[in-house]
Amino acid sequence: MSRALRVWWDGVCVGQLTLDEHGDLGFSYQPDWAADARRPAISVALPKREEPYGRRAARAFFSGLLPEESQREGAARALGVSKNNDFRLLEELGGDVAGALTLWPADEEPPAPQGLAASKPLSDARLLEILDTLPMRPLLAGEHGLRLSLAGAQQKLPVVLVNGAVALPEPGQPSTHILKPPIAALPGSAENEAFAMRLSAALGLPTAGVELRRTANRPYLLVERYDRQLESEGAIRRLHQEDFCQALGIQPENKYASEGGPIFKNCFDLVRRACDQPAVAVLQLLNAALFNLIVGNADAHGKNFSLLYADGGRAMAPLYDLMCTAAYPGVHKGLAMKIGKRSTLEEFTPDTFAVFAKEIGVGAPYAVRTARAMAATAHEAASTVAEEIAAAGFQTQLLQELAEIVRARADRVLELTTKPQAPGG
C-alpha cells in the first residue's frame, strides 16, 4: 500500500513524496506548480516536469534533509523506526528542515505560520536539560509537537531566538537559529567553530552569524540561519536552499569525494550553470576553497556548500560549518576535496594553485593573487579574532593555539605564492 507526504512551500503544495508498496521513494510535482513559470523547481537536480521522479533522484534530495550517521541512528531509535527508512523519518521530522520546504502527511494541512511571539523562552534549567538530552535524543526526536530536522553528523537543534532568549519552535513555526553543543570527541569545538566562522567574516566572506553562549558554565554555539528572514511584526519566512550534493543528485552518504561525492570541478560547474550571477558565485567558491585551506578545515565536503534561493534567483549561500580540524590530531588531515590534486597543504608545490585554477576554469594569476591576499589578511586577523572571543571568557589557550595554526598555514601559502610557478603551470 502506497503512502504520501505533501511537500509545501510558503503555504502552497509543491508536490508529493511517495512510498510505494515495494518501499521505494518517488516525487512528483503538483501539475499547477509545474506549469507555473513563476514557481521554481525545488532542486537543480529535480527540474519541473509532469513525470514522477524515481527513488534515486528523489532520495538524493529528500534524504539530504535528514541527519546523518550517529545523529540519524539516534533519532531513528528515539522514534522507533529504521535508520534507513527515509520516508518515516521525514514523516516524523519534516516540519522544519533546511530551506523553504515542509513535509506533512497527505491528510493534514500544515499549521498556520506563527511568528516569534508564539514561542516561550527556555529557562536555564530547561536549556541545560536539552543539552543533556541531545546526545541520546538527537533533534529531540519524538518529543511532543516537535518535527525538526537538519542534515549533518554533529549534534544540533533548530531553535527560535525571542528577544535574545532561546526557545523551541512551536508546531509549524520556522526556526531562526541552530544550537550546537560542543562535540565530545573534539575539545573546544564550539570555540573552534566560532573562531573559524568569525575569521571568515573578518576576511569579508559571506558567512552565517555565530554567537558563543553558556548556560551553567556549559558552552554552546548559536548559528543564525541564513535560510530564514525576519519580517514585520515578528513573522518568520523560510527561504529555500539546497546543498551541493542535493543540487548534483548525489546521495548524502556519498558526500566525500573519496566516496563518489563532488570534487571542486563539479562544484564550480554547478555554480556556473545554477547561479544567476555565475561570475560572482565562482569567486565566492574560490574564496571558500582557499579559506578552508588556510584555516585548516579538512571537512569541507559537498554538503558543506549550498545554493540559496532568494530574490527570485539562485546564489551561493553564506559559508557555514567552518572549523579548524587541523587542531585535532585524531582527525584525518586530507582535504575532503583536493586542491590542484593535493590532499594536504604540506604536499603543495609552487604550481599547485595554478593547477587548481586550470581544473576549475579560472585564471591562474588571479587564483595565485587571491590565495596570497587571503593568506596575508588571515595572518593579521587570526590573533584579533581569537582575542575577541577569549575576552568574552572562553578558552584563551585554545584560541591562541588556533590562531597560531592559521598563521603558520597562512605563512606556508605566502611562501608558495611568492615562488615562481613551473612553466606551463
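Asp 243 stands opposite Ser 306 in β13, in a predicted model whose strands (E, at least two residues) and helices (H or I, at least four residues) are DSSP runs numbered from the N terminus. Local features need pLDDT of at least 70, side-chain atom pairs count only at pLDDT 80 or more, and totals for chains, interfaces and linings use all residues of this predicted model. Residues are numbered from 1 along each chain as its sequence is written, and side-chain values use heavy atoms, with hydrogens and water left out.

**Two open sheets**

The strands β12 and β13 run antiparallel and are joined by 4 bridges, where two strands are taken to pair if DSSP finds at least two bridges between them. They belong to an open sheet of 3 strands in the order β12-β13-β14, with antiparallel pairing. Its edge strands are β12 (240-243) and β14, each of which pairs on one side only.

A further open sheet has 5 strands in the order β6-β5-β7-β9-β8, and its pairing is antiparallel. Because β6 (165-167) and β8 (210-215) stand at the edges with a single partner strand each, one side of each is left without a neighbour in the sheet. Within this sheet, β7 (residues 177-180) and β9 (residues 218-224) run antiparallel and are joined by 4 bridges; the bridge partner of Leu 179 in β9 is Leu 222.

**The second largest pocket**

A pocket is an open set of points on a 1 Å grid over the protein atoms alone, where a 1.4 Å probe fits, with protein on both sides within 12 Å along at least five of seven lines, and its lining residues have an atom within 4 Å of a point. The second largest pocket has a volume of about 420 Å³, the volume being the space filled by probe spheres set on the points, which are joined across faces, edges and corners. Its lining comprises 17 residues, of which Trp 9, Pro 40, Arg 237, Tyr 309 and Gly 312 lie nearest the centre. The elements that give two or more residues to this lining are β11 (236-238), β13 (306-310) and β14 (313-316).

| Class in the lining | Residues |
|---|---|
| Nonpolar (Ala, Val, Leu, Ile, Met, Phe, Trp, Tyr, Cys, Pro) | 6 residues |
| Polar (the others, Gly among them) | 4 residues |

**Helix α11**

Helix α11 is followed by Gly 393, whose phi is positive, near 100°.
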